[in-house]
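Colleague: I would like to learn how to read a model like this one, feature by feature. Please give me the general idea each time, then the case at hand.

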Protein chains: 2
Amino acid sequence: MDISVLHNSILFKGFDDTEISELMKALNAAEKKYNKGAMIFSSGEITDKLCFVTAGSVTVESNDMWGNRTILNLVGKGQFFAESYALLPDVPMLVDVCAAEDCTVVFLSMKSLADLNDTIRARLLANLLTITTRKNLHLSSRSFHTAPRQVRGRIMAYLNTISVQKHSREFDIPFDRQQLADYLNVERSVLSNELSKMQRDGLIRCRKNHFEII
Amino acid sequence: MDISVLHNSILFKGFDDTEISELMKALNAAEKKYNKGAMIFSSGEITDKLCFVTAGSVTVESNDMWGNRTILNLVGKGQFFAESYALLPDVPMLVDVCAAEDCTVVFLSMKSLADLNDTIRARLLANLLTITTRKNLHLSSRSFHTAPRQVRGRIMAYLNTISVQKHSREFDIPFDRQQLADYLNVERSVLSNELSKMQRDGLIRCRKNHFEII
DNA sequence: GAAAGTATGTTGTAATTACAACATTTCAGG
DNA sequence: CCTGAAATGTTGTAATTACAACATACTTTC
């Protein structure tokens, strides 16, 4: 198991190596590998597992019965997912989680939180609060990216956010075209088309997932 | 100050009256009234205040420079808002918060959390975790409501959620037409039009904010 | 209960998007 | 360096939406 990624995670911030090892045991840490495209959770499932990506990435998405996909979030190496469902173990998942590429996930049982001593649990809860709070901001930012009614507006909203995050007008995005389309809630072909127009209009330059705002 | 609403809130779950009074002091509880339409927070502001609605309701929204509004969430009596920004006090708000109707808000300083004794703080953090986690699910559900590409799909997705929540095919929604349009990210006139068509098609019946799914 | 103001419904047209079908490019194995 | 598979780009048409303008209904206030 890849310890270093977990040791640097928000969840274990402030814990030393010994404590982390004990916690991993107490929380029944289990690692599992998935191939690209594999489904990790399906809508309707119930889980108490806090999930941590130690390699690769997964998408949190909603798939309707006509095969339309909406990507709510892309969770990369070093990030958590399913924390809301893990902490509210009665609530069935509203989303699917899929491997966006070959990946490795560590599962931590939140049911076992109750067995921990108060001090440890309190520190862990404080860290969990940071995780959920940041996830809130992430979900909010998607709302801004999909708020503009037109495709160009959505693309610009998204690219702006990334540009600010990376402190640069030039950057890579974590999505391929289909994923970006599903994230922005537009047709892939319309997205491709609009990106071409934006390049012709001199707004951006892009090649694959590398973008430059002009 | 309306004590009873606060006493029944998630935040103070498990605390007795004396403890709550002390906490209110320790967290510098301050109450403020707003008229409908008043702005409570503006995008870009920084705050450490956890906000609680004791009367009326507020909308969490994003307003772009062309006057387009997107409603992310409607926060009613007994619910919290701004918790993410209160707990991550470096992050400037991405949203505006406005009074959806005349309302009363209680502000609690999260900066003051640090001064509490460990036991109390731990209990409070656990409750805060519930608040943020539920808020996560709320934000997710909006994503499902706006996921369908067409207006009718969005309306049905939204009405279905409310119907399930209220365990009934007949219910009131908390939005007027303009708010529902801004929540579903569609034009108000298109929404009105589609609701009419859906009634003609025998899918629903509605009058003002009272709906029935057939 | 009239008037003014607000909310909701209707309609037409211009603009945009969805969708399908196909062309081109890129990439991984053999 | 081929070949097939996957990803991306292009195009045309039908369907949908945005927007503006106006009609109607409902509320509030005097």
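Colleague: Which side chains does a polar contact of 2.7 Å join?

Modeller: A polar contact is a pair of N or O atoms within 3.5 Å; within protein, one must be able to donate a hydrogen and the other to accept it, and residues adjacent in sequence count only if both atoms are side-chain atoms. Here the side chains of Ser57(B) and Glu101(B) are joined in this way, at 2.7 Å. This is a predicted model, in which local features need pLDDT of at least 70 and side-chain atom pairs count only at pLDDT 80 or more, while totals for chains, interfaces and linings use all residues. Residues are numbered from 1 along each chain as its sequence is written, chains are lettered from A and ligands numbered from 1 in the order in which they are written, and side-chain values use heavy atoms, with hydrogens and water left out.

Colleague: Where does Ser57(B) lie, and is Ser57(B) buried or exposed?

Modeller: Ser57(B) is in strand β4 (residues 57-63) of chain B. Helices (H or I, at least four residues) and strands (E, at least two) are DSSP runs, numbered from the N terminus. Buried means under 20% relative accessible area, exposed over 50%, and partly exposed in between (1.4 Å probe, protein chains only). Ser57(B) has 6% relative accessibility, so Ser57(B) counts as buried. Contact means heavy atoms within 4.5 Å. Not counting residues up to four places away in sequence, Ser57(B) touches several residues, including Leu74(B), Val75(B), Gly76(B) and Glu101(B).

Colleague: Next, a helix. Which residues of helix α2 of chain B are buried?

Modeller: In α2 (residues 17-26) of chain B, these are Glu19(B), Ile20(B), Leu23(B) and Met24(B). They cover an arc of only 135° around the axis (taken from the directions from the helix axis to the C-beta atoms), so they sit on the same side of α2(B). Thr18(B), Glu22(B) and Lys25(B), on the other side of α2(B), are exposed. The buried residues pack against α1 (3-7), β8 (103-109) and α4 (118-146) of chain B.

Colleague: What caps the N-terminal end of α2(B)?

Modeller: Asp16(B) does, with a side-chain oxygen 3.1 Å from the backbone nitrogen of Thr18(B). Just after α2(B), Asn28(B) has a positive phi of about 55°.

Colleague: How many salt bridges does the structure hold over all chains?

Modeller: A salt bridge is a side-chain nitrogen of Lys or Arg within 4 Å of a carboxyl oxygen of Asp or Glu. The structure has 20 of them over all chains. One of them pairs Arg123(B) with Glu19(B), with the closest N and O atoms 3.0 Å apart. Arg123(B) belongs to helix α4 of chain B and Glu19(B) to helix α2 of chain B, so the pair ties together parts that are 104 residues apart in sequence. Arg123(B) is partly exposed, at 29% relative accessibility.

Colleague: What does Asp182(B) form a salt bridge with?

Modeller: The partner is Arg69(B), and the closest N and O atoms are 2.6 Å apart. Asp182(B) is in helix α6 (residues 177-184) of chain B and Arg69(B) in strand β5 (residues 69-76) of chain B, so this pair ties together parts that are 113 residues apart in sequence. Asp182(B) counts as buried, at 6% relative accessibility. In chain A, a network of salt bridges links Glu61(A), Arg69(A) and Asp182(A).

Colleague: How should I read the contact between the chains?

Modeller: The size of an interface is often given as the accessible area lost when the parts come together. Buried area is the accessible area (1.4 Å probe) that two parts lose on being put together, summed over both. Chain A and chain B bury about 3000 Å² between them, 63% of it on carbon and sulfur atoms. Leu129(A), Phe144(A) and Arg149(A) supply 21% of the area that chain A buries against chain B, more than any other three residues. The contact takes 35 residues from chain A and 35 residues from chain B.

Colleague: How many salt bridges are there between chain A and chain B?

Modeller: The count is 2. Glu187(A) and Arg149(B) meet through their side chains in a salt bridge (3.7 Å, N to O). There are also 10 residue pairs in polar contact between chain A and chain B, both residues at pLDDT 80 or more.
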